[in-house]
Amino acid sequence: MKVGLPTLGRAESSSTHLPAGLLLCYGLLWTWLAIAPVNRRDWLLENLLAFALVVLLTLTYRRFQLSTLSYCLMTFFMTLHAVGAHYTYAEVPLGFWLQDLWSLSRNPFDRIVHFAYGALLAYPVREILMRLAGVRGLWSYSLAVSMILAQSGLFEIVESIVAALVSPELGNAYLGTQGDEWDAQKDMAAALGGAVLAMVFTFVLSKGSGKSAIPSTP
């Protein structure tokens with residue numbers, strides 16, 4: 001027993017290093033991007049939900065730890081969102097480069113991030129469903145995709161309400177429509193496509209490894 005305790009202590013300590021490191025790296029990047037954003041008021045609006053998510057994950061970490069992969073996926077998405085918030089989604093330099101490269105009619109960065117929302121967050125959503133609701137089998141995949149689509153639609157509604165109530169003049173910058181009347185529907189379709197792709201990939205890997213258990217915590 002005495003021999004095992006130090007080993008267990010080191011394992012528990014190391015399990016917190018990566019999430020803490022991810023939080024630190026994201027915090028440093030977020031702070032850097034918070035300096036002189038293209039539009040300060042739009043930046044504040046964009047970061048309301050991001051701030052709420054970070055606080056929620058931090059407060060619930062001890063009671064409900066997600067897997068290391070889930071934290072990595074969420075951090076990657078939050079990084080993309082932080083970049084979009086700094087420049088406003090319609091003016092991200094990488095998006096302009098892609099627009100010229102592919103001869104597109106608009107900056108595609110916002111669409112890429114919506115796709116990433118589904119592709120990167122479907123796995124954490126599935127993990128939460130499996131661990132909290134006991135969802136198993138194909139239901140765990142289909143419900144994860146459904147929740148991503150529902151959340152995407154909800155966020156589109158919330159964004160429009162926030163833009164109308166808080167700062168109507170920032171509507172185009174905040175919503176990133178770039179003159180496309182079907183922008184919200186296309187954003188939701190991008191998130192749906194990303195979620196479906198992520199769950200198909202997860203399903204194939206789980207079948208190939210013969211494992212369908214609940215993802216392990218860090």
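Residues are classed as buried when their relative accessible area is under 20%, as exposed when it is over 50%, and as partly exposed in between. By this criterion, buried residues make up 39% of the 218 residues in the protein chain of the present model, which is a predicted one. The chain contains 8 helices and 0 strands, and the order of elements from the N terminus is accordingly α-α-α-α-α-α-α-α. Among contacts in the chain with a separation of 6 or more, 75% are accounted for by residues 24 or more positions apart.

The largest pocket was examined next. Its volume is about 950 Å³, and its lining comprises 35 residues. Those lying nearest the centre of the pocket are Leu53, Phe77, Tyr117, Leu121 and Phe155. Several helices contribute to this lining: helix 2 (40-59), helix 3 (68-87), helix 5 (109-132), helix 6 (137-166) and helix 7 (171-175) supply at least two residues each. The most is given by helix 5, with 9 residues. In terms of residue class, the lining of the largest pocket divides into 25 nonpolar, 6 polar and 4 charged residues. Phe77, Tyr117 and Phe155, which are listed among the residues nearest the pocket centre, also form one aromatic cluster.

Aromatic pairing was considered over the whole model, and 6 aromatic pairs are present in the structure. One of the pairs is formed by Trp30 and Trp43, whose ring centres are 5.3 Å apart and whose planes stand at 40°, so the pair is classed as tilted. Because Trp30 belongs to helix 1 (residues 4-33) and Trp43 to helix 2, this pair ties together parts that are 13 residues apart in sequence. The two partners were also compared by accessibility. Trp30 is partly exposed, with a relative accessible area of 28%, whereas Trp43 is buried, with a relative accessible area of 7%.

Helix 4 spans residues 93-102, and its buried residues are Gly95, Leu98 and Gln99. Viewed down the axis of helix 4, these buried residues fall within an arc of 105°, so they line one face of the helix. The packing partner of the buried residues of helix 4 is helix 5. Trp97 and Asp100, on the other side of helix 4, are exposed.

In general, most residues other than glycine have a negative phi. Thr88 is located in the loop between helix 3 and helix 4 and is buried, its relative accessible area being 4%. Ser103 is likewise not a glycine and has a positive phi of about 55°. At 67% relative accessibility, Ser103 counts as exposed, in contrast to the buried Thr88.

Glu156 is situated in helix 6. With a relative accessible area of 13%, Glu156 lies under the 20% limit and is therefore classed as buried. When residues up to four places away in sequence are not counted, Glu156 touches His114, Ala184, Asp187 and Met188. Of these, Asp187 is 31 residues from Glu156 in sequence, and the C-alpha atoms of the two residues are 8.7 Å apart in space.

Lys186 lies in helix 8 (residues 183-209). Its relative accessible area is 38%, so Lys186 is partly exposed. His114, one of the residues that Glu156 touches, is 72 residues from Lys186 along the chain, and the C-alpha atoms of Lys186 and His114 are separated by 9.1 Å.

Key:
Residues are numbered from 1 along each chain as its sequence is written. This is a predicted model: local features need pLDDT of at least 70, side-chain atom pairs count only at pLDDT 80 or more; totals for chains, interfaces and linings use all residues. Side-chain values use heavy atoms; hydrogens and water are left out. On a 1 Å grid over the protein atoms alone, a cavity is a set of points where a 1.4 Å probe fits but cannot get out, and a pocket is an open set with protein on both sides within 12 Å along at least five of seven lines; lining residues have an atom within 4 Å of a point. Grid points are joined across faces, edges and corners, and a volume is the space filled by probe spheres set on the points. Helices (H or I, at least four residues) and strands (E, at least two) are DSSP runs, numbered from the N terminus. Ala, Val, Leu, Ile, Met, Phe, Trp, Tyr, Cys and Pro count as nonpolar, Asp, Glu, Lys and Arg as charged, and the others, Gly among them, as polar. Buried means under 20% relative accessible area, exposed over 50%, partly exposed in between (1.4 Å probe, protein chains only). The arc is that of the directions from the helix axis to the C-beta atoms. Contact means heavy atoms within 4.5 Å. Rings of Phe, Tyr and Trp (its six-membered ring) pair if their centres lie within 6.5 Å; planes under 30 degrees apart count as stacked, over 60 as edge-to-face and the rest as tilted.
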